[in-house]
Amino acid sequence: MIFLLLTVFALAIFLGFELITKVPPTLHTPLMSGANAISGITIVGAITCAYAEVSPVAANVLGAAAVFFAMINVVGGFMVTDRMLGMFKKKKA
Amino acid sequence: MTLEHGIEAAFLLAIFLFIFGIKALGKVRTARSGNTYAWLAMLIAIVAALASANSFVVNWYWIGAAGVAGAVVGVVAATRVAMTAMPEMVALFNGSGGIASLLVALAALWGWNGSGLAHDKATLNDAILQPQHVAEVLKELPEGLTDHGAAPERIDPARIDAAIAVVEGKLPQIRDSKGPSTSLGLVLSILIGGITLSGSFVAYGKLSEKISGNAIVFPGQHALNGLLLLAAAVLCGWMAFGATAAPMGPLSYLEWLAVILTVLSLVLGVTLVIPIGGADMPVVISLLNSYSGLAASMTGFVLQNTLLIVSGAMVGAAGLILTAIMCKAMNRSLLSVLMGGFGATSGGDGPSEDARDYKNIKKTTSEELAMMLDGISSVVFVPGYGLAVAQAQHVVRELSDLLASRDIQVTYAIHPVAGRMPGHMNVLLAEANVPYEQLIEMDQINPQFKTTDLSIILGANDVVNPAALDEPESPLAGMPILNVHESANVVVIKRSLSPGYAGVKNKLFERDNTLMLFGDAKGALQECLDELKAN
C-alpha cells in the first residue's frame, strides 16, 4: 500500500510541476491563493475525523476544530481568489 | 457498496477538476474559470465526505457548527480584506491550512489509539472468555482490525490477539492495521502542519509589522535550528516505527510523543522564519503555501485517501515553483534565503549606510515633477513595497490616466519580487483599475528604458539599485534589476535616504540623472496631480 500511495504522491508532484511551469507574474498571487484554498482539501480528512468511528470526545473536538480552520481556508481562499481575478478581468474590457 | 463506489467516483471526479483547475489558473484568460473548477471540486469532495460519514455514528452538530462558523469567517475575511493586506491574508490562510492538517493528524491519532479506545485489557479478556461479547467489543476497534457485523464465532482469533496487543500497547494499531504509510503520514502531517501554522503566524506578524520585519538573528541560530530539526526527525522516526501506545497517565505514550512533536514543530516554525527578513517574504509565503499543500497530502497518507494525496501534492508543487521563481528573481539560492539574516540589523557585520554616505543628492518637489511631466512623451512607474504601504495605487492610476489623456505613454515596470508576495504589485494595481496591458515585466521593459523620458520610482529600492550590475562585492550582485538608470531622468519618491532591505546604499540616488522627492508617495503624487490639473 505504501508504495502505491507514494507512487501516486510522486506522480502528483510531477503533474503539479508540469501543469504550472510558466505562470505570468500577474497570476502569481491568484495562483498562490487558489492553490492555498485547494490545500484546504484536508477538510475531507477533518470530516472523517470528526465522525471517527471510535469516537472519543477528544477526536471529535479536534476534528471539528480542523473542519473550522479548513473551512476558513477553503471558503476564504476561493472567494478572495475570485475577487482578485475579477479585478483583472474588469480591466481588459 | 454502491454508496462507497459513488463516493470513490466523486473523489476521482474532484481530482480531475482540481487538475483542470490548477492548469487553468496558470493562464490569464482561463484563470477565473480555473478557480471555479477548483471550487466545484472542493464542493464535490466535501459532499462525498459527508455522504461517507452517513454510515457511521456522526456527530453532525460538531461538523455542521464548525463548518458554518469557518465558512462565515472565510467569507468575511475574503470580502473585507483590502488588496494592500493580501500578503497578510494569504499568510493567515496558509496558517489555517496548516493547523487543519495538524488537527486532522491529532484527531486521527486520538480516534484510533490509546486513550481513544474505551477498552482496557480486562474488557477484552472478558470478551474472549465470553464469545458472545466479542463482536460487540471489536465493533469499537478501528477499522482494519475488525469485520463489522461478522458473527462472533467467525472472527479470526489472530484478530483478537492483535486487538489485545493493541490495547496492551505493544503494537500501535495504526501501524499494524494501516501500515507504515499511515504512521509516517501521521507524524509528517503533525510536523509540517505545525511548522506551517507557526511559520505563517510569524510571517503574518512581519508583514503586518506587528513584529519587526527585519531579519532577527542571534549567535548559534543555525545550530539551534539544526538541533531542533534533528530532534524532530528522530522523534518522527521513533513515533512512526518504534513507539508503543502503552498508557501513561491520561494519555498513551504515543499521544504524549505527539504532543511533544506538536510543540516542537510549532517552535521550529518560529525559529525557521524569524531570521528571514521582510523583502524575502515572497519566498517564505510561497514556501509556506507549498508546506500547507504537503501537510494536506500527508493527511492523505493517514486516511489512505488519494484525493488528499494528489491535490495536496499539486499544491506543494505549485508553491515550490513560485518559490523557485522568486529565488531566481533575486539571484539567491533557496538555501541562502532560508538561512536568513540577509540585511540583518542586529548582526552589525553587514554594510550599513545612512544619509551621510550619500553625495550628489539632488532634491526636487511635486511642483517640479508636475512640470517635468508636462513636457515628456513617455513615463515609466516603478512600484515597490512602499507603494503598498502608502496606499498610493489609486492616485497613481489617476495620475497615469491624466498623463495618458495628454498623449504621454504610461507603463509600469514590475519586478518579480517587488512587494511582499509573488505578484503583489499586479494585484495592487489591478485593484486601482490600472489596465493590465500597462504592466510590463522586467525582461520586456528593460530594453525600453533607454528611450524612456522619465522613470518614477515609487517605494522600490533594491530592485533598481545599479550596484547589482557593477559591484561584484555587493550583497545584491547578480540580482536582475530594472535598468531605470538608463532612462533620461529618474525621480525617486521616498521618505528618506534609508537603505533598502539589503542594507546597502543605492547608487541610483547619486546619479546625475536622478532627482529625489522626499515624502509620502501618496501625498507627493496627489500634489503633483493637483498641479497638473490646475494647468
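I took a salt bridge to be a side-chain nitrogen of Lys or Arg within 4 Å of a carboxyl oxygen of Asp or Glu. With that cut-off I went through this predicted model.

**Entry 1: the salt bridge between the chains**

I looked for salt bridges between chain A and chain B and found one. D82(A) pairs with R32(B), and their closest N and O atoms are 3.1 Å apart. That distance counts because the cut-off is 4 Å. I then placed both ends. R32(B) sits in helix 2 (residues 31-53) of chain B, and D82(A) sits in helix 4 of chain A. I also searched the whole structure, which gave eight salt bridges over all chains.

**Entry 2: the interface**

Interface size is often given as the accessible area lost when the parts come together. Here chain A and chain B bury about 8,500 Å² between them. Carbon and sulfur atoms carry 79% of that area. For polar contacts between the two chains, I counted 12 residue pairs, both residues at pLDDT 80 or more.

I moved on to a sheet in chain B. Six strands form an open sheet in the order 5-4-3-6-7-8, with parallel pairing. Which strands are at the edges? They are strand 5 (439-441) and strand 8 (514-518) of chain B, each pairing on one side only. On average, neighbouring strands are turned by 25 degrees against each other, direction ignored.

I checked one pair in detail. Strand 6 (residues 454-458) and strand 7 (residues 489-494) of chain B run parallel and are joined by five bridges. L454(B) has N489(B) as its bridge partner in strand 7 of chain B.

**Entry 3: helices across the sheet**

I looked up two helices of chain B that lie across strands. Helix 17 (residues 393-405) lies across strand 3, strand 4 (409-414) and strand 6 of chain B. I read its angle to strand 4 of chain B as about 145 degrees.

Definitions and conventions:
Residues are numbered from 1 along each chain as its sequence is written. Chains are lettered from A and ligands numbered from 1 in the order in which they are written. This is a predicted model: local features need pLDDT of at least 70, side-chain atom pairs count only at pLDDT 80 or more; totals for chains, interfaces and linings use all residues. Side-chain values use heavy atoms; hydrogens and water are left out. Buried area is the accessible area (1.4 Å probe) that two parts lose on being put together, summed over both. A polar contact is a pair of N or O atoms within 3.5 Å; within protein, one must be able to donate a hydrogen and the other to accept it, and residues adjacent in sequence count only if both atoms are side-chain atoms. Two strands pair if DSSP finds at least two bridges between them. Helices (H or I, at least four residues) and strands (E, at least two) are DSSP runs, numbered from the N terminus. Axes are lines fitted to C-alpha atoms, for helices over the stretch in contact, and angles run from 0 to 180 degrees between N-to-C directions. Contact means heavy atoms within 4.5 Å.
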